[in-house]
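Subject: Structure for you to look through

Dear colleague,

I am handing over the structure below, together with notes on what was found in it. Please keep it open beside this email as you read.

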Amino acid sequence: MSISGLLWLAMVGLAGSGHWLAGLYTLLGLLLVYGVLGTSHKGRFDLRLVAFPSLVWLAMWAGAFWLGNHYAELYSGREPEFTVFGFHPSFAAIVVLFWIVPTLLMGFGFEAVKDRWLSQERWDEFLRHVHGPDEGNDGEDQS
Amino acid sequence: MSEWERYLILASSFSVLLISFGIGLWAKKKVTSPEAFFGGAKIFGPLTVGLATMAAVGSAFAVVGVPGLVYSTGNTILLFMFAAPAFVFGYLVIGKKVRAMAEIGTVASLGDLADLRFNGHRGIKLVLSLMMFIGCAMYLSAQVEACAKLFENLFDWNKLIISVVIFAILIAYTVISGEIGGILTQAFQGFVIVLAGLIFTVAFFVVTGGFGPVLEAISGSQGAAAGLDPSAMTAWGSLPGAYSFAWIMLPTLGVMCQPQVLTRIMMLRDPRELPKLSIYAVSTNMITGMMVMAIGYCAIYLAANGLVEIDHPDKAVFKVADYLGLVAQLFVYPAVLAAALSTSSLFLSLAGNIVSRDLPGSFGVTIDPVRQVTVSRIAMSVMGVAAIGFAAASGDMVAILGTYGFGTLAAATFPIFIIGLLWKGATGRGVMTGMLAALLATVGGITIELLNKFGLSDFAWPGGVPWYVFVMAVAVVVSIAASLLTTGDALDHRVEMAMEL
């Protein structure tokens, strides 16, 4: 968590001093830290759960920022030489790599790793500890 | 627009209001206890919760404010709308922990959740309540402003009277059925928004021929004559880069701790349905994103070609709908109302919770559960009136008010629910210090903005970064640093289990 605090300082410091794009890349590092912390189970981190889908998503966002900025600077003040689906090439990078593909990846990727994220057994065990042995299958029964 | 068309659109808009009222009445029978009224019922499936969450997060900020900003400043604000993967990330990181906490005790409000994590720390609850109240006022004001714009455009009615009528109906169904009715009406309103989104997206392609003609229109001499800037179509839009940073960072980190998201997680019947919920939430969110981009781009295309004149960005959505004709109008106007209502009902409930449960609790006062419901109903009514007053006084654009509210709420909730649930080392005193710093920073930020607005100050935030980003950073960094310097609290072993799940 201390690392996340330092990353917060770095991110806002960079943005506040005019380096907003560097601030965005720092944000990705911060998300990675929260992603790792969020997988903690009984003090152990599940790095496979971090790698997919979160890390793939963050890599896509890094690509979107780089490509978006590259084409925004390349065609600054003039018409772009080409378009992608009718979009300015810099915004096309955002549409594809920042929005549509990562949204689908995260949504369906989360469903794919559901059991690793929270198995029925682990949830039942938690309920048994909290409510007592009779309520172990609460979640399953209600669904 | 002919007179009968205006009344037809009015009827379609009011049908959303009346159906919502009907759902609220029907839902009353499901309110079997004060806890259920306040949001402690874990009975909903992923589709209902997903639609309700999307509608409550989206709000009039998305449907009115975002197209207006797309029209006036380009793609920058779309970065905010497109950060949908972070929605899923939020569920993945803290979803099961929040839902597990709801099994430990009676958790009907965010204050209850904070109580469990920080052993009933009154100071945290007090500052959380105060900051959430400020955030609620800003968010509700954005919804009031959007409703007023909607009917101003149709009938040139008085803004105050419009706001009072709509909020009277909204308050009526919210006070009857509480959060149970809230989530069901929000799910219905989410469906209305999605329907309008699909229709509007098709209409966009029919009218403009696609994204290419929009780019051509804004890049040509006509676009310049209409006062439009071609750089608006780049990845970062025509606003300074600091806005791109803020409008990516804010939803990405802020969405996972927004009350609209946290309270809905607690109402899901089974945490293993969170992945499904996230699919519903983000797919409907994508349709909303597509809709607001289509409206904004349509406004650019029509204005650049001299087909419509848009005198205020917040009117862009209505001008575009009016150009598209009756079918579009019959869906877009109700969608705006649905978006405003969904968020408003949630924040009214939240305000009711704060006043009747969290705030008295922070002073050690316990109100009888049945009486809490009465106090909550009065508080919702007062909050509705206050929001109308705030909207009338501030006069800011819908999108700007929305981002203010989003930022303030994130600063209030991030230390408690993200740092607190991810890190056992977060101490009550540490988080309390961070929250106090955030409260001071929020009051300072709002004061400076008001002074700037009335020409009494020319203070510029470093790098042009919006003030609420600094508030969030202060809240987080102070909470972590102060936690490291203070001794840890003994955690209930069940809370520890929930955090380790």
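Helices (H or I, at least four residues) and strands (E, at least two) are DSSP runs, numbered from the N terminus. This is a predicted model, in which local features need pLDDT of at least 70 and side-chain atom pairs count only at pLDDT 80 or more, while totals for chains, interfaces and linings use all residues. Residues are numbered from 1 along each chain as its sequence is written, and chains are lettered from A and ligands numbered from 1 in the order in which they are written.

Let me begin with chain A. Chain A has seven helices and zero strands, and from the N terminus on its elements run α-α-α-α-α-α-α. The radius of gyration of chain A, taken over C-alpha atoms, is 21 Å, well over the 15 Å that the globule rule (2.2 Å times the number of residues to the power 0.38) gives for 143 residues, so chain A is more spread out than a compact globule. Its C-alpha trace spans about 70 × 35 × 20 Å along the principal axes. Of the 143 residues in chain A, 40% are buried, where buried means that 20 or more other C-beta atoms, placed from the backbone, lie within 10 Å of the residue's own, exposed means 12 or fewer, and partly exposed is in between.

Helix 6 of chain A (residues 120-131) has twelve residues and reaches 16 Å from its first C-alpha to its last, close to the 16 Å expected at 1.5 Å a residue, the expected span being 1.5 Å times one less than the number of residues. The buried residues of this helix are Trp123(A), Phe126(A) and Leu127(A). They cover an arc of only 100 degrees around the axis (the arc of the directions from the helix axis to the C-beta atoms), which puts them on the same side of helix 6. Just after this helix, Gly132(A) takes a positive phi of about 105 degrees.

Two further places in chain A deserve a look. The peptide bond from Phe52(A) to Pro53(A) is cis, with omega near 10 degrees, and Pro53(A) lies in helix 3. Phe85(A), in the loop between helix 3 and helix 4 of chain A, has a positive phi near 55 degrees although it is a residue other than glycine, and with 11 C-beta neighbours inside 10 Å it counts as exposed.

Now to chain B. Chain B has 20 helices and zero strands. Its radius of gyration is 22 Å, close to the 23 Å that the globule rule gives for 501 residues, so chain B is as compact as a globular protein of that length. Of those 501 residues, 68% count as buried.

Finally, the two chains meet: 60 residues of chain A are in contact with 62 residues of chain B, contact meaning that the C-beta atoms of two residues, placed from the backbone, lie within 7 Å. The largest share of the side of chain A that touches chain B, 13 residues, comes from helix 4 of chain A.

With best wishes
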